Amino acid sequence: MVEGIPLIGNLPWRLKRLSYLLQRTRGSFALRGWRGTLARMRQEFQSRPEHDEDLSLLPLDEPFAPFALPVAEDPQVSIVIPIHGKLAYTLACLRSLARHGAQAPFEVIVVDDASSDDSASVLAQVAGLQLLRNERNLGFIGSCNAGAAVARGAFLLFLNNDTQVTSGWMDALLRCFTERADCGIAGSRLVYPDGRLQEAGGLVFADGSCWTTGRFELRDAPAFRYRRDVDYVSGASLLIRREVFQRVGGFDTRYAPAYYEDTDLAFAVRQLGLRVYYEPTSTVIHCEGITSGTDLTSGVKRHQVTNQAKFVDKWKVELSSQPPVGTSLERAVRWRTRGRILVVDTMTPEPARDSGSLRLSAILRLLDEQGWSTSFLPDDGRASMQEIAALGAPGIEVLCKPWVTELPGWLREHGHELHVVILCRHTVAGQYADLVRKHAPQAKLLFDTVDLHFLREQRAAELSGSSTMARQAETSRHSELALIGQCDATFVVSPHEQALLTQMLPQARVEVLSNIHDVHGCRHPYAERKDLVFIGGYGHPPNSDAIRWIAGEILPQLRAELPDIRLHVLGDLPDAVRRELAAPGLELHGHVTDLAPWLDNCLASLAPLRFGAGVKGKINMAMSHGVPVIATTIAVEGMQLHDGMDVLVADDASAFVGAVQRLQHNEALWQQLSEHGRDNVRRHFSAEAAAAVLHRVLD
């Protein structure tokens, strides 16, 4: 019986723990369903190494030796770290700050909340650290407010002492504010020392209960790799403008000593018309439970229950628009969005690679701006970490290998969540249109042609005289027209293609969603310019034909008249083609990540395309930089350009030579083409024009 005394003595605690576990399980069933709950249990209880070595966690048992933190005369960010004992964790946190630093200047303020250990005396030996000591224990809220009161930075970054930061963590949070004008708070991706995800933003339900998304999931899973508007982020790593923090009165002391203060702050910031963002590119390791424990019935953690009632009383009006208890997780995460859109293309867009990528990236940004939760799936399954991060910044979830292996399986599981599906190019739409209708019958199905494949193939056949290519073009025509008839709406890039399809399929809805470009402006004057450029990769058949025409006929005639002229080809070329085409005056640069240095200094851009379809991004790009364009009739088709006013049209080599000579001797003509070209991009190829089309179709 004596051996049973500890068990009996712990019985009240065990009953409370069982009640808490049952409560969590019921909540998980409501949010995830039974399959998701079982998967979640497997994640929580599976055996894992204590630490993920990829995170390079600093040891807690390292003997103390004085070290220094960065010092800034004019800090942009003030990092406020409240502590109450746990010196080993505080030192590891500070060492991680010293190790990783940041591009932005920052200061570190540690608020010692009446620690009973030797934290104060040891931390006094850390150079560059501002140490405050509370005369009495104020708790997390009081300590954070005290640290904020002495901060000098324009931003406050609240950081738990049981965290360790990683490379780029702070600059990523600041970037969220730079890229999102409505950002009021940005929070980090929190991970456990074993590498699993701890938190990717939080949800608040109508009864004031909270749910941290992503707990125990793989931290690099697609659902947690994109920037997202959330209900709140944890105060373990939270960035806010100091002015905004002061305007809302700091952390509300009604929640002292702790719990619900970060959720309350998020609601107060949203009341100002700002948003709270989860920032996945800022990773912070958090040893949850070290500072406050995990038992809801004892210690500081017990305030979590009582403070929920205070929170509900304060925000009852706002809570009425939050998801009701029992809302599924996938619906709750997207509660404030207009709905979910899936976009599928052949590969992940890379704006510096080709015009289609630039256009698709802009469309994805516009969908996010219009309030849609957007997922992108590359049909080849590939996306690099850099590409995932690039699309994640404008809020796009990337569904790629190894997490998503193929679209049919994903549609079976998630098709019911979709409101819209956009299939890009007929080679993609032809595979999946029927599957979308089957697994997502409620979704609007849109076909983005990118350009009319059959039209491009038909013109190539006419140029080459190939009967094989002509038959292929006819096959493509039947395929594309069938898809257009099957879909709810079809996007084309030019009025010419819209008119052509209207004639062929008068019952189909066809909308012009053209290229999308910013107007960069003309940055160098006419007098400083020389040479010519051609923009485009060799892998696209119209480009390869144009490059060979340039090398074989246009450039030799140009250099006969203008011996010093050079033509720069900017785009991927195979090594064998480089060797074959090498000639005086032809500069084959290959792929370049930034076109601006060439476009800022060249006299003109050539677009000698003899076949093709769609709108030519090479023309848009040059004109957006104020560079006059010399192009064939086919190249300017559907672009609302007029010869001699906005562009110079040339359909043979001698005409290209004459056009270049005109620009070399006529500054007034050059200026006119430069100005009119920029105006053309503003009128017909702007984000505003594309946004209007998307609104019309999606609304």
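Among contacts between residues at least 6 apart in sequence, 74% join residues at least 24 apart. The model is a predicted one. The chain has 699 residues, of which 54% count as buried. Its secondary structure comes to 25 helices and 25 strands. Along the principal axes, the C-alpha trace spans about 100 × 60 × 45 Å.

**Nonpolar cores**

The largest nonpolar core holds 61 residues. Those touching the most other members are Leu 558, Leu 567, Leu 586, Leu 599, Ile 619, Ile 630 and Leu 663. Helix α19, residues 541-561, gives the most to this core, with 8 residues. A second, separate core has 41 residues; Cys 144, Ala 148, Phe 158 and Ala 266 are included.

Leaving aside neighbours within four places in sequence, Leu 663 is in contact with Tyr 526, Leu 603, Ala 604, Pro 628, Ile 630, Leu 648, Leu 669, Trp 670 and Leu 673.

**The α23 and α24 pair**

Helix α23 covers residues 653-665, and helix α24 covers residues 667-684. Their axes come within 5 Å and cross at roughly 105 degrees. The two helices are therefore roughly perpendicular to each other. On the α23 side, Arg 662, Leu 663 and His 665 make the contact. On the α24 side, Glu 667, Leu 669, Trp 670 and Leu 673 make it. By class, this contact of α23 with α24 has 4 nonpolar, 1 polar and 2 charged residues.

**Phe 106 and its surroundings**

Phe 106 lies in strand β2, residues 106-112. Its relative accessible area is 3%, so Phe 106 is buried. Not counting residues up to four places away in sequence, Phe 106 touches Pro 70, Ala 72, Pro 75, Val 77, Ile 79, Leu 97, Gly 101 and Met 170. Phe 106 and Arg 152 are 46 residues apart in sequence, yet their C-alpha atoms are 9.3 Å apart in space.

**Cysteines**

The structure holds 0 disulfides. Cys 176 is in none; the nearest cysteine sulfur, that of Cys 183, is 4.0 Å away. A disulfide requires sulfur atoms within 2.5 Å. Cys 176 counts as buried, at 0% relative accessibility. For Cys 424, the closest cysteine sulfur is in Cys 487, 11 Å away and too far for a bond. Cys 424 also counts as buried, with a relative accessibility of 1%.

**Backbone details**

One joins Ala 256 and Pro 257, with omega about 5 degrees. Pro 257 lies in the loop between α7 (242-247) and α8 (261-271). The other runs from Lys 401 to Pro 402, with omega near 5 degrees. Pro 402 is found in the loop between β15 (396-398) and α14 (407-414).

Positive phi values also occur at residues other than glycine, as tabulated here.

| Residue | Phi | Loop between | Relative accessibility |
|---|---|---|---|
| Asp 531 | about 70 degrees | β19 (510-512) and β20 (532-535) | 7% |

Terms used: Residues numbered from 1 in each chain as written. Predicted model: local features only at pLDDT ≥ 70, side-chain atom pairs only at ≥ 80, totals over all residues. Heavy atoms only, no water. Axes fitted to C-alpha atoms, helices over the stretch in contact; angles between N-to-C directions. Helix = DSSP H or I, 4+ residues; strand = E, 2+ residues; numbered from the N terminus. Parallel < 35°, antiparallel > 145°, perpendicular 65-115°, else oblique. Contact = heavy atoms within 4.5 Å. Nonpolar A, V, L, I, M, F, W, Y, C, P; charged D, E, K, R; others polar. Core = buried A, V, L, I, M, F, W, Y, C linked by side-chain atoms within 4.5 Å. Buried < 20%, exposed > 50% of the residue type's maximum accessible area, 1.4 Å probe, protein only.
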